[in-house]
Amino acid sequence: MDFALTDTQEAVRRTFAEFSDREIRPIAGELDKAGAIPRELLAKVGELGYFGMRYPEPAGTGMDVVSYALATEELARGSLSVAAACAMQSLMGTTFLHRFTDGALRERLIGAVVRGELLGTVCMTEPDAGSDLFSMTTRAAHKDGTWLLSGAKTWITSAPSADLFTVFARTGERALSVFLVERGAAGLVVGRSIGKMGVRASVTSEVSFENTPATALLGEQDKGTSYLRDLLAEIRVMTAALAVGTAQAALNDTVVYAGQRTQFGKPINRFGAIQAHLADMAVDLAAARQMTRWAAWRSDQGLPNAHEASMAKLFASEAAHRVCERAARVLASYGYAEEYPIERYLRDIRFTLIGGGTSEILRVNIAKELSR
Ligand SMILES: Cc1cc2nc3c(=O)[nH]c(=O)nc-3n(C[C@H](O)[C@H](O)[C@H](O)COP(=O)(O)OP(=O)(O)OC[C@H]3O[C@@H](n4cnc5c(N)ncnc54)[C@H](O)[C@@H]3O)c2cc1C
């Protein structure tokens, strides 16, 4: 297959690249220190159309997965925190709203969601249910025509500022359903925010529900697992794109630094050891990008791609981690200093090893598929 981008895809990439260079990259360090992303910045991402890219018209623009991955990559080149929060909104936080609401509820929410005025998030993980989602204990009970949710979630991205919570809850022994809960619902508590190593501007918090009325059941009862499975490949392609964008930022900064830093009377990029780091970074990045585009392209062609998306996500996140690690070696003490962004990339990139399925879980899935 040919990975050449179409004119439209190239235009999307360029638009998001320019936006990232102008609006995100210059403030990425400040956002990391402040531990917050301004709503105005999210509204600007909304103006660019990112939050509606994957929704068909008229709510969105119905763009292909390759374009969505390109936009995600460029946002992540600016800041992984910002890109992760935006991807959460567009993919997990509001997809089920788009798929499964209609009438007045849809009218009220979907335009505001696409503009980035209302923020959505997804609540799956629990203190004792991470990779093993089926061990979740949050339950939903149907009483007098209303679904009431009770339980505790954790690691919920954007929870302190979220207006809408897409919540996975148990509705049977091996059955999960998906619910919409709105900020202000009785018994909904956004608890402690979790201090973390990286993606610090993208806040993650505990969220609990006590007999909390859901605004709506999203989709059919007990279908949560299959809805999640439908989305999993795209989540993995998107996480791979987050990793590629961060690795590109690390490589760009490292190439510039290695050309400017002089030791023993010459720029350090003249030393074989440094050249080897740069070369290995470029190879890892190119391979990660191609695998990500390949998995995205398969999605767009309607080809099976669960296995390919797992491989792309595993490779891209591990490769991007290696790229950021090498960047830190090239900058040495300045790779360890807060005044350079390399230490932030290295802290941030570890998130991509976890979100969208850990590397261990992906290896298990890939190996299972091989032995089928
Ligand atoms: C920054 C950040 C943001 C997040 N945002 C959200 C969010 O918005 N919403 C949400 O619901 N969740 C979110 N998460 C949670 C994330 O989805 C979970 O952390 C992830 O599913 C892993 O779960 P865990 O951390 O509990 O690890 P565990 O599942 O406890 O895993 C611990 C270790 O055991 C390994 N392991 C587990 N099971 C197996 C197995 N069967 N075979 C081999 N190895 C195994 C894992 O790979 C890992 O190394 C976020 C996490 C982070 C770090």
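**Contacts, core and ligand**

Let's start with contacts, meaning two residues whose C-beta atoms, placed from the backbone, lie within 7 Å. In this protein, among contacts between residues at least 6 apart in sequence, 75% join residues at least 24 apart.

Before going on: this is a predicted model, where local features need pLDDT of at least 70, side-chain atom pairs count only at pLDDT 80 or more, and totals for chains, interfaces and linings use all residues. Numbering runs from 1 along each chain as its sequence is written.

Now, the inside. Of the 372 residues, 49% are buried, that is, with 20 or more other C-beta atoms within 10 Å of their own, again placed from the backbone. The largest nonpolar core has 113 residues, and Phe 179, Val 237 and Ala 247 have the most contacts inside it. By core I mean buried Ala, Val, Leu, Ile, Met, Phe, Trp, Tyr and Cys residues joined through C-beta atoms within 7 Å. Helix α8, residues 224–260, gives the largest share of this core, 16 residues; helices here are DSSP runs of H or I, at least four residues, numbered from the N terminus. Take Ala 247: beyond its neighbours within four places in sequence, its contacts include Leu 285, Ala 319 and Val 323.

And where does the ligand sit? Domain 2 (120–222) and domain 3 (226–370) both give residues to its shell, so the ligand lies between them. Those bounds come from an automatic or database domain assignment. The shell has 20 residues, with Met 124, Gly 130, Ser 131, Thr 358 and Glu 360 the closest; to count, a C-beta atom, placed from the backbone, must lie within 6 Å of the ligand.

How values were computed: Buried ≥ 20, exposed ≤ 12 C-beta atoms within 10 Å, placed from the backbone. Helix = DSSP H or I, 4+ residues; strand = E, 2+ residues; numbered from the N terminus.
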